[in-house]
Amino acid sequence: MVLASDSARPFGSVVTAMVTPMTSDGMVNVEAGARLARWLVAQGCDGILVNGTTGEAPTTHSPEKAELVAAVVEAVGDQVAVVAGAGSNDTLHAARMATQAAEAGADGILIVTPYYSRPSQEGLVTHIEAVADAGGKPVMVYDVPSRTGIRIKTTAYERLAQHPLIVANKDATGDVAAAAALIENTGLAWYSGDDGLLLPFLAHGGAGIVSVVTHAVAPHFRRAVDAWDAGDHAAALAAMRQAIPAIQALNGDGMQAVMAKAAAEALGAIEGRWVRGPLIAASDEEAAAVRAALAASGCVGVNGLLT
């Protein structure tokens, strides 16, 4: 259900980069993924991203990815946009993932810059366009140099923006000033990839956010975006300030998938916080710290307010 009529926000405004629930023996729990997606939508998310980095895409396999996409589409695809990650440093592999995601019903494809191999800007453009063509669905590019080792330059963005399927960008560079110019020059819908930068990106013409912390504070982010759109910037700031303890807890050490699962478990949205190696599940001490941060942010779980 891509919001194609709203070119400014083709994938919604509050998009959760959803964790992939697992069982204690490390199997993907597809039914739990569908339940989590429904809960996130009920909390105020208007977009769901599956099989991204937070979804442990590097350690889940193609059949698992496709099955999860299909389950989430069935669960919430009539209400919100469902975007699927197709990230790899192997162009052919990424293209196959994009094709499989589209066949499974995804509304859009997230294409991260190839990691580790650090191709040229020409290589970046060629890779992203090839994956976009394979998926045949609207595309959100993902620029996250802290993880991939390379940043997309202005000239590459200007070329990518000419591709008919490339409609959005997830910006995790932290460079809001550069984003302002790129939004103006490319016309792409620009999403913050950093939880703490939602309001600065909105102030510079951004579309919204692709978020980890909305596993816990989706209502806060929903209020912030709605207040911003209504011109009530003080209310938007108040909502974001309330979310700060949770933002810090889930992002502070860079282990977003681990901490997001601890948060979702604390809220009763998933059972267990199991992950696949090389990630290690949050310890009881870490989980307690996450729970305390969620309580400080006034988070509401399946069974009510955390205390």
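Reader: Hi! Which helices each supply at least two residues of the lining of the largest cavity?

Author: Those are α2 (62–76) and α3 (91–103). Helices (H or I, at least four residues) and strands (E, at least two) are DSSP runs, numbered from the N terminus. Before we go on, this is a predicted model, where local features need pLDDT of at least 70, side-chain atom pairs count only at pLDDT 80 or more, and totals for chains, interfaces and linings use all residues. Residues are numbered from 1 along each chain as its sequence is written, and side-chain values use heavy atoms, with hydrogens and water left out.

Reader: Thanks! What is a cavity here, and what is a pocket?

Author: Both are found on a 1 Å grid over the protein atoms alone. A cavity is a set of points where a 1.4 Å probe fits but cannot get out, while a pocket is an open set with protein on both sides within 12 Å along at least five of seven lines. Lining residues have an atom within 4 Å of a point.

Reader: How many cavities of 30 Å³ or more are there, then?

Author: The count comes to one cavity of 30 Å³ or more. The largest cavity holds about 50 Å³ of space. Grid points are joined across faces, edges and corners, and a volume is the space filled by probe spheres set on the points.

Reader: Which element gives the most to the lining of the largest cavity?

Author: That is α2, with four residues. The lining of the largest cavity is made up of Asn 51, Ser 62, Lys 65, Ala 66, Val 69, Gly 85, Met 97, Gln 100 and Ala 101. Sorted by class, this lining has four nonpolar, four polar and one charged residues. Ala, Val, Leu, Ile, Met, Phe, Trp, Tyr, Cys and Pro count as nonpolar, Asp, Glu, Lys and Arg as charged, and the others, Gly among them, as polar.

Reader: Is Cys 45 buried or exposed?

Author: Cys 45 is buried, with a relative accessible area of 3%. Buried means under 20% relative accessible area, exposed over 50%, and partly exposed in between (1.4 Å probe, protein chains only). Cys 299 counts as buried too, at 0%.

Reader: I clicked on Gln 121. Where is its place?

Author: Gln 121 is in helix α4 (residues 121–135). Because its relative accessibility is 18%, Gln 121 counts as buried. Its side chain reaches the backbone nitrogen of Lys 153 at 2.9 Å. Leaving aside neighbours within four places in sequence, Gln 121 is in contact (heavy atoms within 4.5 Å) with Ile 150, Arg 151, Ile 152, Lys 153 and Ala 156.

Reader: Which side chain does Arg 9 join in a polar contact?

Author: That of Asp 229, at 2.7 Å. A polar contact is a pair of N or O atoms within 3.5 Å; within protein, one must be able to donate a hydrogen and the other to accept it, and residues adjacent in sequence count only if both atoms are side-chain atoms. Arg 9 sits in the segment before β1 (14–17) and is buried, with a relative accessible area of 17%.

Reader: Last one: what does Ala 75 touch?

Author: Not counting residues up to four places away in sequence, Ala 75 touches Ala 34 and Arg 38. Ala 75 and Arg 38 are 37 residues apart in sequence, and 6.4 Å apart in space, C-alpha to C-alpha. Ala 75 lies in helix α2 and counts as buried, at 12% relative accessibility.
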